[in-house]
Each structure stands twice: as structure tokens, then as C-alpha cells.
Protein chains: 2
Amino acid sequence: MRRYLGIDIGGTNIKMATVDSRGRVEARGVIETRACEGPAVALRRVAAAVPQLSRARGVARAGIGCAGLIDASGVVRHSPNLPAWEGKHLGRIARRLLGVDTSVANDATAAAWGEYRCGGNDGCDDLVFVTLGTGVGGGVVSGGRLVRGARNFGGEVGHVCVVKGGRRCHCGARGCAEAYVGSYGMVRTAREMLSRRSGRYLARWVKGEGRRLTPELVAEAARSGDAVARAVMTHAGEHLGVLVASLVQVFNPEVVVLGGGVSASFDLLLPHVRRTLARQVFSASARGVRIERSLLGNDATAVGAAMLARDTEREAKK
Amino acid sequence: MRRYLGIDIGGTNIKMATVDSRGRVEARGVIETRACEGPAVALRRVAAAVPQLSRARGVARAGIGCAGLIDASGVVRHSPNLPAWEGKHLGRIARRLLGVDTSVANDATAAAWGEYRCGGNDGCDDLVFVTLGTGVGGGVVSGGRLVRGARNFGGEVGHVCVVKGGRRCHCGARGCAEAYVGSYGMVRTAREMLSRRSGRYLARWVKGEGRRLTPELVAEAARSGDAVARAVMTHAGEHLGVLVASLVQVFNPEVVVLGGGVSASFDLLLPHVRRTLARQVFSASARGVRIERSLLGNDATAVGAAMLARDTEREAKK
């Protein structure tokens, strides 16, 4: 069976996986990105690491999912976490250093393709993927094809505005979903709420045990019944619900898949997402929309990138 | 040259046009909808009217753009302006009464296709269309194909939420773009602003001359320098800008086309839309996005429906 190499490039780590033509992961590896060294050094280290992935020989093609805006020719156009990579032709560099043709896409776009091809969503040709990490990203499959847009920058669902004139987002705009949902948005909400309601359980935990305020800690506190933590979850879930509702109005998907680290709190967020969705969307359109937690988890981008490589090869053969 | 019949069904009127295979309108007609009589009576009247469109004979196929949610098989699933039409199989009824195969789509979806095929946007395979009528509708072409969704209900851009928990919309949800932009939203804004600032020019006009408060009157007053009317335009333009910005983040289109009656105030709205877009969207993605006024105007839905009929015929022949 043919084998593909999927590469997930983030600001901190590069995850690699060899994937068979059915999307099953054969081997995994991870190296540091060392973002400041630029893409050529990093991809040389990827090339060195790949033979160590036990069954990686005989990779037919590679796929890269990279943080940032990647244009249609494979050039990194904008990437706050990989500034030294901007303007670099990732596809060409990878071709040279890995020795195989390489497809390049945004990391969340690749993950969306992974969820479509291998995430248990067979036959769902209309799928919205939202990844809740530090920030919020995503990708959309419409009619069985990725929504790429004129310059390949489509699918930036984290920067859909949910509150006109709302919180300032990292991107400079106001009211983006990312400013409310995902790790950075939720920690901000928790800080705001704790500054208003003192002496609560979550606050005592942070102060007493000296633990850092993270979405994981908030989730843990919410599960133990802490009122502030629960309010943070409600706040995040409702804002996520508004985002999901708008995406349902525009794409009328069969399934909305939530991934990323924060999706570990899927069970805490889901009731608020569902309630908001029911309020915001015509019943005819909302009816039957499934909201699922990512099955691929941390593998989504690498598997999706490998599947993009596979499907690009198939297209080329036609 | 082959000829197609485009039918634009609204709550008040049915507009018809015969269109050649290049999308040029040969003849136009209009009849009343008389919504409560249902689709069979209406389409019988369409059939009777068509021979009167001078060169209508020899229509190869028909296309219908109908207000409401239309499913993939051509059944009206939800239509506030055509309640008696819900559950009716428009495609089948049209086939029987018009004697030709008929494609059926949502009216704004059809208009988006018209703008894509005949609106001077040749080669723009990524196009967002927003129609500002009483309400706000739209349609999206992504990669040269309509975004239809799992049940064919995609493209409902008017119900993207721009203000979480904001104004109640006709659809029952809160903060939809439609509650701020379009004729109904703008009149509401004007009323709110007039109730707060009495004795202004616009108010005197409405009271003195007894004219009805409409977007046209607001535009007229804004052009004469009325401060309240200008504030209404700013308010609408900024909310429209937030909607357009979110659609640009998700679709990365080459062009955003604004149609519908309110687009007569395109010049008054555009600066606010542009300013909001510049604030809300990454420069890499926003750069080069054109915002244009519809070239097809009132013909958009009928022409688009005719072009859907033409393109469905072409697909079938492949």
C-alpha cells in the first residue's frame, strides 16, 4: 500500500506521521520547530528524522500543514508564530529536501481535510472544522471540496466577528471568535470574572496551589462545581455557539467537528453550543446538524496533510 | 442560440425573463404572486404570461429563484413570505405546467450565480453576493461552484450574527446582519435615532411632508447633509462591514457584490464597509478584495436562475 508523509508545523513543534493510503497512521515523530532558524533548517531536520520513523521508507508524497496563511503556490504569506518563514516557498524547499512532491496548506485547513477523509465522517461532503487551541482556526469542506478562496486564505473561522466592537483580538480586529473561545480567550474570561468575584474556589486554587490559569484548570474546577469556572465555560460555549450558528447559516453543513486542546472540555461546552445554535438558526437548517468532537485529535493536521498529498496525486493521475 | 426562462418568485411579484445562452436578457415580464393561491396557480399564470414575452418561444429549460429555503429536490422547506408554498415540490409543478425541465434554487443563491456568470465577474471563481432588500440574503460561489450545503440551505449570509445578543431579528434569533442592514434594519435604526434626537431635518421631513421612513428617504436626507440620516448610513455600513469582513475571513473571495434595493445607496455605504473591512481582516486576506455594486440589479435572480438552467443542462450533457 502506498504511504504518505504528513507534517504538522506549529510555532513550537513539528509533528510527523507516515500514513497509509487509507489514512491509518503507521508511525509518528516529533521534533522542535526552532522557528527562528527558518524552514530550510527545519525541513532538513524533518528529512533526517523521517528514516527513524520505522516504516517511513517508500513515502510516495508529502503534505505539510503549516500555521499561518499559505498561498496557493505554497508560500507562507503571514504567520505570527513563524515570522522567519514568511515569504518562503515551503513547497519548493520541501521538494528539494524531502525528495518528494509536497502539498502545502494551512494547518487547520489540512486538519479539516483529515476529519473529512479519515475522521469517521465518510460521505459528509459538507463539514465545518473548528480547532480550539491557543487561538481558533478551522477549515471548511463544501460539496466535497476545501473552501480555499481566491488566494488560498479561506477558512479563517477564528476571525469571524461574533461581537461587533467587542474584545480586541491578537489579530488587531475586534470581537473575533478567537478573543472569546480557545485557550487565550477563555483564560481572559476567567481573569475578568475572577477580578470581579473574589474568594471563589477557582481563585483560591490558582492562588493557593499556585497553579497557572489554563482552560484545563478551568475545566477541572467546573467539573468540581466551581461557579466561576462554570460561568467561564458557559461564556465560551455561548460565543462558540454564535460562531457555529453563523457557519451553519452560511455552509449548512452535515457535521461541525471541534478539535484542538480545548475540545477536551467538549462535554462542558456542548450544551451551551447546542442551546445557542437552537436559538440562532432556522429550525430547517439547524435540524440534523451534528456537533462532534474530533476523532483524529492531535493527528488531524498530519493525517490531513498526508491525505491532501494522496488526493493531489490521485487528481494528477486523472 | 438557445434560450432559457428565468423566474424570480418573491412574496409580492413574480419577475420573468427570457435569457439567451450568454446571459443577455431578451424580454422581461412581471405578474403578481398572490402568494396565498399557492404555486400551481402562480405557475399556471407564469405559463400563460410567457408567450406574451415576445421572443419566448423555444425556451430550452427554465430556472426558478424562489424566496425561502429550497431543498435539493426543489421543495420549498421554509418561506415566511410564501407560507402556502411550503412543502410544495416547485420543480415538479413547474415541469408539468411550463413543459420544460426546471431548476429551482433560493432567489439570492440564483442571483449569486447570475452575478458570477453574467455580472462582469468573469473568472472570479470566488465571489460573495449580498442582497440588501427588505431583509438580507446572499449566495456564495467558492472555487467556481455554489456553496449549497448538505440540505441546499447554504448561503444565508443575512443571518450571520454580527452582534451577540443584539437586536431581535425577524427570524427569531438575535444580532443577525439582517436586523441592522437592509431596509427593515435601517428603518429601525432611523426610528431609534430619531426618538433620541428630536427636531432634526429627517424627522421634520417625515412629520412635515408625511413621507414614509424608507432607506431611500434616509439616503436622500443623508445626501442633503442631514446628520441623523448620515449616522443611520454609518451604522448600517459598519454592520454591513462586519458581515463582509467575516465572509472575507471564511471565503477569501476576489469580489463581494452588493445587490438589492438598498444598494442604491452603495456610494454612501461603501466608505464605512471599506473602513470596517480594513480594521477587521488580516491585510494579506483583505488586500485586493473588490466590493462592487451589482451590475444585474433587478434582473439578477431571473438571469441567475436562467443560467442555472443552462449550466444544469450543460452538466447533464457531459
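Buried means under 20% relative accessible area, exposed over 50%, and partly exposed in between (1.4 Å probe, protein chains only). Both A:F251 and B:F251 are buried.

The model is predicted: local features need pLDDT of at least 70, side-chain atom pairs count only at pLDDT 80 or more, and totals for chains, interfaces and linings use all residues. Residues are numbered from 1 along each chain as its sequence is written, chains are lettered from A and ligands numbered from 1 in the order in which they are written, and side-chain values use heavy atoms, with hydrogens and water left out.

**Interface**

Chain B and chain A each bring 44 residues to the contact (heavy atoms within 4.5 Å). The area buried between them is about 3700 Å². Carbon and sulfur atoms give 57% of that area. Buried area here is the accessible area (1.4 Å probe) that two parts lose on being put together, summed over both. B:K164, B:V250 and B:F282 supply 19% of what chain B buries against chain A, more than any other three residues.

Two salt bridges are counted between the chains (a side-chain nitrogen of Lys or Arg within 4 Å of a carboxyl oxygen of Asp or Glu). In one of them B:E238 pairs with A:K164, with the closest N and O atoms 3.5 Å apart.

Helices (H or I, at least four residues) and strands (E, at least two) are DSSP runs, numbered from the N terminus. α7 (227–251), α8 (266–280) and α9 (283–286) of chain B each supply at least two residues of the side that touches chain A. α7(B) gives the most, with eight residues.

**Aromatic pairs**

Rings of Phe, Tyr and Trp (its six-membered ring) pair if their centres lie within 6.5 Å; planes under 30 degrees apart count as stacked, over 60 as edge-to-face and the rest as tilted. Two of them are tabulated.

| Pair | Centre to centre | Between planes | Class |
|---|---|---|---|
| A:W113 and A:Y116 | 5.0 Å | 55° | tilted |
| A:F251 and B:F251 | 4.9 Å | 45° | tilted |

A:F251 lies in α7 of chain A and B:F251 in α7 of chain B, so the pair joins two chains. A:W113 and A:Y116 are three residues apart in helix α3 (residues 107–118) of chain A, so about one helical turn separates them.

**Helix α6 of chain A**

Buried residues of α6(A) (residues 215–223) include A:P215, A:L217 and A:V218. The buried residues of α6(A) pack against α4, α5, α7 and α8 of chain A. A:G225 follows α6(A), with a positive phi near 95°.
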